[in-house]
Number of protein chains: 2
Amino acid sequence: MAAEQARAAALVAAARDGDARALARLVSQVENGAPALRAIMAAVAPYGGHARVIGLTGSPGVGKSTVTSALVRALRAAGRRVGVLAVDPTSPFSGGALLGDRVRMQDHATDAGVFIRSMASRGHLGGLSAAAPQALRVLDAAGFDVICVETVGVGQAEVEIAGLADSTLVILAPGMGDAIQTAKAGVLEIADLFVVNKSDRDGAREVVRDLRTMIAMGTWPQGGWKPPIVLACATAGDGIGELAERLDRHWEWLGRSGELDRRRLARAREEISAIAVAAIRRRLGGVPGDSRLDDVAARVAAGKLDAFSAADELLS
Amino acid sequence: MAAEQARAAALVAAARDGDARALARLVSQVENGAPALRAIMAAVAPYGGHARVIGLTGSPGVGKSTVTSALVRALRAAGRRVGVLAVDPTSPFSGGALLGDRVRMQDHATDAGVFIRSMASRGHLGGLSAAAPQALRVLDAAGFDVICVETVGVGQAEVEIAGLADSTLVILAPGMGDAIQTAKAGVLEIADLFVVNKSDRDGAREVVRDLRTMIAMGTWPQGGWKPPIVLACATAGDGIGELAERLDRHWEWLGRSGELDRRRLARAREEISAIAVAAIRRRLGGVPGDSRLDDVAARVAAGKLDAFSAADELLS
């Protein structure tokens, strides 16, 4: 254990010195839940809280990776070090298209100020990797100024990304009936900013108009943040400057309003709960054939006990 | 609490005497997680274990409700009392079509030996209602011989239904590329029986052939159950007799092989775990602003503690 702590500390020190290989190894170990996971998290804890986390989500085909890539370029031009976590869907349907998008990220492959990492998503329902919160903390400790988390906006992942990010950016594009579907899926509530991408296509202004109507129908607290809409054409770089500026304003608002502290506290709560619940699940399962769960389950199956009383017994 | 127990016991007694309204009230209270939930589950526990649970799943459009309805008719002709739990998707896309299907179930509306109940699915990702296991136990205690659980085969629900049912029936139809998609989604593993419905349409025999190939490629333990394929046209009633017969054979095999006990034990384990984990989640959350979770979360957010050590502290 002491050796593990020393190794983790050495890797973290190297990553903080800009060693990309050390950083990649740390993220791999975190993702694999390697025995070193706990030692790594203990080693990075003191160095956290510096990075801004920007979540980017949207349906397949809206140009998410292109927007991410353009935003990374703008942030680099402003001298910021940028980490990117791209959460791949395992779905065979969108996997192909995404792979093509990802190639565009190669623009930054030779830039030492950019670290890009793909992570597997959890199960075929999508959802972020269970290790995403920890991977974020590792990048944060490595000294990146901004971390972009990009995920496909299907199902669970959209909601989860809002739990991880300081600023959540929902990307739409014309011709996909997106504004309506987005509103239905409850994504309106998670967006801090909207980007309507592919502004060169027919219908972009209609998407903006629909979004404006929906935002107008929402209720916003006095002094609260009302999500702005940025019209962009990421392939040409149009609108990306405005996007970066709006993100800066959101960042200022987060700090000024106390919302940043509130979100980061909520994030820590969620992360700790998830770890605690996973630990309890493992403990409840115990060794098959030799656990208290097996004992109470047999009594429930035989009708001698109900499941609620069984849960009480287990937890007492 | 004593009054609640007395009320629950009276409702359960009435339901066991064939009072459909009492039964409907019990299921509603279970679904709403009413204060009476625990009292109800304690009251039904001694009367469980009698009913056979048959799960029916498949993609939208394969004729799931028609197969369910035809199977109910066959079971009724054999003198069995039948309960049906239909788990509605909340998706606006399939909701309409399903409603049309459900109307067919009205054939049984005047039959006192049939109880039909729709339950909401959990969230927009589908999945069975969290209360489905408890609703099943209520129907079981009410004395039904067979309980059919019908769910739309998208995402999580398919896998969950196999956890609830003694026999899982996967329904396919020609012209939907279903066999291949089904295999991809891992549904092959959960099927105890396959029904290829709409046998009057072109391509039905090709679906059977594809399924046979996939089943042949699987490995089946010596003396194990190899899922049979039933070709059916549920609207005309064709193949339903064979389906009922195959289900009886599966039921015999479940008992003979010890698999029934194994499945019911696994089901009880899962049900208890889910209840215990939900209780712990509530407990961890505590009262906002006044919980130990808030305290450790603040230290994690400030970088003074890592999330794993925080979880340890909470659980100790």
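**Stop 1**

Select the chain A residues that touch chain B. In this predicted model, 43 residues of chain A are in contact with 43 residues of chain B. Now colour the chain A side by element. Helix 3 (37–44), helix 11 (259–285), helix 12 (292–301) and helix 13 (307–315) of chain A each give two or more residues to the side that touches chain B. Which helix gives the most? Helix 11 of chain A does, with 14 residues. The side of chain A that touches chain B has 29 nonpolar, eight polar and six charged residues.

**Stop 1**

Then compare the interface sets of the two chains. Of the interface residues of chain A, 98% are also interface residues in chain B, so the copies meet through the same surface.

**Stop 2: helices 1 and 3 of chain B**

Select residues 2–16 of chain B, which form helix 1, and residues 37–44 of chain B, which form helix 3. The axes of these two helices come within 8 Å and cross at roughly 50°. That makes helix 1 of chain B oblique to helix 3 of chain B. The crossing of helix 1 of chain B past helix 3 of chain B is right-handed.

Which residues meet here? From helix 1 of chain B, pick B:E4, B:Q5, B:A8, B:A9 and B:V12. Facing them in helix 3 of chain B are B:A39, B:I40, B:A43 and B:V44. By class, this contact of helix 1 with helix 3 of chain B has seven nonpolar, one polar and one charged residues.

**Stop 3: helices 1 and 2 of chain B**

Show side chains for B:L11, B:V12, B:A14 and B:A15 of helix 1 of chain B. Their partners in helix 2 of chain B are B:A22, B:L23, B:R25 and B:L26. The contact between helix 1 and helix 2 of chain B has seven nonpolar, no polar and one charged residues.

**Stop 4: confidence**

Bring chain A back and colour by pLDDT. The mean for chain A is 82, and 80% of its residues reach 70 or more. Where does chain A fall below 50? Select residues 90–101 of chain A: the pLDDT is below 50 over this stretch. Beyond near neighbours in sequence, residues 90–101 of chain A have 14 contacts in the model. For the complex, the predictor gives an ipTM of 0.78 and a pTM of 0.66.

Methods:
Residues numbered from 1 in each chain as written. Chains lettered and ligands numbered in written order. Contact = placed C-beta atoms within 7 Å. Helix = DSSP H or I, 4+ residues; strand = E, 2+ residues; numbered from the N terminus. Nonpolar A, V, L, I, M, F, W, Y, C, P; charged D, E, K, R; others polar. Axes fitted to C-alpha atoms, helices over the stretch in contact; angles between N-to-C directions. Parallel < 35°, antiparallel > 145°, perpendicular 65-115°, else oblique. Left-handed = near helix turned anticlockwise from the far one by under 90°. pLDDT = per-residue confidence, 0-100.
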